[in-house]
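Colleague: Can you walk me through this one? I'd like to talk about side-chain packing.

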Amino acid sequence: MLKNRYYDVIISISDPKTSHIAMKNLISQGLNYGKWIQYWGDPMTNDITNKSLYPKWYIARKEYSLLKNADDIVYVSPFTLKLQKSLFPSIANKMHFIPIPYLKQKNFPKQKNKKFTIGYYGAYKSKVRNIMPLYKSCIKLGGQIHLDIIGDSDLSLSETKNINIYPRGDISSYEEKVDLLVCILNSSGTQIPGKIYHYAATNKPILIILDGNKKEEMRQYLDSFDRYIMCDNNVNSITTTITEIMSSNDEYEPCKDFEPETIAQRFINLVN
């Protein structure tokens, strides 16, 4: 279907990672192109959610066999880029970092909630990120706040008078009414949750709970955008920071660094 046309640029995007394999197969069938860009959300070998039974050296070999055919390789975390360059030095010159864009700006009207309302939306599987300090902190804050947790998990958290627990679902109505958006960094690895970039489309305060062995480097990176409030992933730090946010009159606006036009231009710059 595609082999009789010429494309200046072809882009394969994970996840799923099989999209890169699909593109490789199309090329072998005669797809005619000028430049192939691979866009990776998570790497293969160093993906902390990987449940493969294969040893790391085998996965690395398979990963290299995909990467070496690309003209350019894009990662969405500067820390993953650094790790991948050290893992595959022979093709490091092909690798780049471009952050995730948001789709469009979301300027919500100011809310008048009876209680300061906090939203954590996203998966919180115990192997990947630790939600317990946030959960315990919000129990500690009691009647001062309300917390909604919406997402998949292997944990069975109990609801309390001020905490509601929901399975994965549509969060658009919750996102509009919330006073504070919360994102928890992974407990290990180099990846940055995509929510951090998507939340930056809003005019809501965003609390980033830092965790993992790269947390100080991530603090420095995220601080460069002058958009996020950050704390460590322990009860005292979270409680203190939420209390400070509640008493603050600071106003926020969507971050221009992650506008789709800005990110698209960075892709175009790779091609030229």
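Modeller: Let's begin with Tyr174, which is partly exposed, with a relative accessible area of 27%. Keep in mind that this is a predicted model.

Colleague: Which ring does Tyr174 pair with, and how far apart are the centres?

Modeller: Tyr166, with the ring centres 5.6 Å apart. The planes are at 50 degrees, so the pair is tilted.

Colleague: And Tyr166, buried or exposed or in between?

Modeller: Tyr166 counts as partly exposed, at 28% relative accessibility.

Colleague: How many aromatic pairs are there by this rule?

Modeller: Ten. One of them is Tyr39 with Phe267: centres 5.7 Å apart, planes at 40 degrees, so that pair is tilted.

Colleague: Where do Tyr39 and Phe267 lie?

Modeller: Tyr39 is in strand S2, residues 32-40, and Phe267 is in helix H9, residues 260-271. The pair therefore ties together parts that are 228 residues apart in sequence.

Colleague: Are those two buried or exposed?

Modeller: Tyr39 counts as buried at 12% relative accessibility. Phe267 is buried too, with a relative accessible area of 15%.

Colleague: Which residues form an aromatic cluster?

Modeller: Phe79, Phe97, Tyr197, Tyr221, Phe225 and Phe258 form one.

Colleague: New topic. What about Lys204: where does it lie?

Modeller: In the loop between helix H6 (195-199) and strand S9 (206-210).

Colleague: Is Lys204 buried or exposed, and which side chain of opposite charge is nearest?

Modeller: Lys204 is buried, yet it has no salt bridge. The nearest side chain of opposite charge is Asp179, 5.9 Å away. A salt bridge needs the charged atoms within 4 Å.

Colleague: Which backbone oxygen lies 2.6 Å from a polar atom of the Lys204 side chain?

Modeller: That of Val178.

Colleague: What else is Lys204 in contact with?

Modeller: Leaving aside neighbours within four places in sequence, its contacts include Phe108, Gln111, Glu175, Glu176, Arg227 and Tyr252. Lys177, Val178 and Leu181 are also among them.

Colleague: Last topic, the nonpolar packing. How many residues are in the largest nonpolar core, and which have the most contacts inside it?

Modeller: The largest nonpolar core has 48 residues, and Ile208 and Tyr228 have the most contacts inside it.

Colleague: What does Ile208 touch?

Modeller: Not counting residues up to four places away in sequence, Ile208 touches Cys183, Leu185, Ile196, Leu222, Tyr228, Ile229, Met230 and Cys231.

Colleague: And how many residues are in the second core?

Modeller: That separate core has 25 residues, including Tyr124, Leu134, Tyr135 and Leu141.

Terms used: Residues numbered from 1 in each chain as written. Predicted model: local features only at pLDDT ≥ 70, side-chain atom pairs only at ≥ 80, totals over all residues. Heavy atoms only, no water. Core = buried A, V, L, I, M, F, W, Y, C linked by side-chain atoms within 4.5 Å. Buried < 20%, exposed > 50% of the residue type's maximum accessible area, 1.4 Å probe, protein only. Contact = heavy atoms within 4.5 Å. Helix = DSSP H or I, 4+ residues; strand = E, 2+ residues; numbered from the N terminus. Lys, Arg positive; Asp, Glu negative; His and termini not counted. Polar contact = N/O pair within 3.5 Å; in protein donor to acceptor, adjacent residues only side chain to side chain. Phe/Tyr/Trp six-rings, centres within 6.5 Å; stacked < 30°, edge-to-face > 60°.
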